[in-house]
Every structure is written in C-alpha cells, then in structure tokens.
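Let us walk through this protein, from its overall make-up to single residues. Keep the sequence and the model side by side as you read.

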Amino acid sequence: MLKVSRHRGKRVSDGKWVYGRYGCVLVGVSIDKENDRFIYNYKHFIEGWEQDVAVPSKKSCIKHEVIPETVGEFSGEIDKNGRKIYTGDIVTGIRDEFGMPSDNIRAEVYCRDGIFYESYTGSSLSSHRSSKGTCLAVIGNKFDNQELLG
C-alpha cells in the first residue's frame, strides 16, 4: 500500500501554517561561473483541500508556496491531547531514565531514514527512536518557539 505523506509548512505570503501534501518544482537554473557549477532554483509548496471562496459548498485543491525550512512531516503519532505530532515540534512527557514521563524534559521531533526520533534538551538522555504519542504533549515548534529549546 502506498504511504500518503502529510506535511505542514509556513506560507511564503503570510507565514501562516498550511497542511497537506508536500512538493517542489524546478523553476530555473543559473550558472555560477566563478565556481563552475549549476544553481537549481525550486519553489516548495503544500497542496491541500480548502473551502472554495466562490462556492462555499465546494472544496478546491490549493497549492501554497511555503518556506522550505519550515516543512515538517506528520510522524503518524498523536499526542496525549489529540494533536498531531510533526517533525520540528517540541514535545514534553518524554520518559526519563527511570521510565517515567517527565514534563521537565523537552525534545524536538525529527526524522532520519524514515524513522522518527526525539532530540532531547534539559536531560542526559540522547536521541532515540520516537516514544509513542500517548504520554507526549506538543508544546510548540522550533520555528515559532525557539526559546523552548533553550
């Protein structure tokens, strides 16, 4: 069965979060003569279904250009409050050295080789394979709440 990825990213136009399928298209190529190489320029977008402005009873597929650094993939996990967990999210409720959930330990969610991990701050624990979302709580993300990783 084909996996359908779900992503989010911040729109270039206004910085608001949009959700849907991620993609990018090549929009141009230039030549860097000084370093003897090609420079490829891409537009990144999130494509999703939204209410049609002209016909409110209809949904239309809309592409939003997004800031590529803000694109995060849905991990497939839901936190204890029912919120979807994406890469780039900051979570608490990580299990400590004794296996107990702790709100003092914060972690950023990331993905490597198709596996989701948490990278810890405020703990001697190292990165490891993602906990199940049942004890985790999303408290922000690294794009809007960088101070939470401090």
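A residue counts as buried when its relative accessible area is under 20%, as exposed when over 50%, and as partly exposed in between. The model is a predicted one. By that cut-off, buried residues make up 37% of the 150 residues in the protein. The protein exposes about 9,700 Å². Carbon and sulfur atoms supply 51% of that area.

Now the secondary structure. The protein has zero helices and 13 strands. Read from the N terminus, the elements run β-β-β-β-β-β-β-β-β-β-β-β-β. Among contacts between residues at least 6 apart in sequence, 42% join residues at least 24 apart.

Start with the sheet of six strands. Its order is β4-β3-β2-β1-β5-β6, the sheet is open, and the pairing is antiparallel. Which strands stand at the edges? They are β4 (59-65) and β6 (84-86). Each has a single partner strand, so one side of each is left without a neighbour in the sheet. On average, neighbouring strands of this sheet are turned by 40° against each other, direction ignored. Strands of a sheet pair through backbone hydrogen bonds, either parallel or antiparallel.

Look at the β6 end. Strand β5 (residues 72-78) pairs with β6 over two bridges, in the antiparallel sense. There, I78 stands opposite K84 in β6.

Between β4 and β5 lies a loop, and V66 is found in it. Is V66 buried or exposed? Its relative accessibility is 2%, so V66 counts as buried. What does V66 touch beyond residues up to four places away in sequence? The partners are G9, K10, R11, V12, V18, H44, F45, I46 and V71.

Move on to strand β7 (residues 89-92). Four bridges join β7 to β13, and the two run antiparallel. I90 stands opposite G140 in β13. T92 stands opposite A137 in β13. β7 also pairs with β10, again in the antiparallel sense, over two bridges. In that pairing, V91 stands opposite A107 in β10.

V91 and A107 return in the largest nonpolar core. This core has nine residues: I85, V91, I105, A107, V109, F116, Y120, L136 and V138. Which elements give two or more residues to the core? They are β10 (106-112) and β11 (115-121).

Finish with the cysteines C24 and C61. C24 has a relative accessible area of 39%, so it is partly exposed. C61 is also at 39% relative accessibility and counts as partly exposed. The structure holds zero disulfides.

Conventions:
Residues are numbered from 1 along each chain as its sequence is written. This is a predicted model: local features need pLDDT of at least 70, side-chain atom pairs count only at pLDDT 80 or more; totals for chains, interfaces and linings use all residues. Side-chain values use heavy atoms; hydrogens and water are left out. A nonpolar core is a set of buried Ala, Val, Leu, Ile, Met, Phe, Trp, Tyr and Cys residues joined through side-chain atoms within 4.5 Å. Buried means under 20% relative accessible area, exposed over 50%, partly exposed in between (1.4 Å probe, protein chains only). Two strands pair if DSSP finds at least two bridges between them. Axes are lines fitted to C-alpha atoms, for helices over the stretch in contact, and angles run from 0 to 180 degrees between N-to-C directions. A disulfide is a pair of cysteine sulfur atoms within 2.5 Å. Contact means heavy atoms within 4.5 Å. Accessible areas come from the Shrake-Rupley method with a 1.4 Å probe; for residues, only the protein chains shown count as cover.
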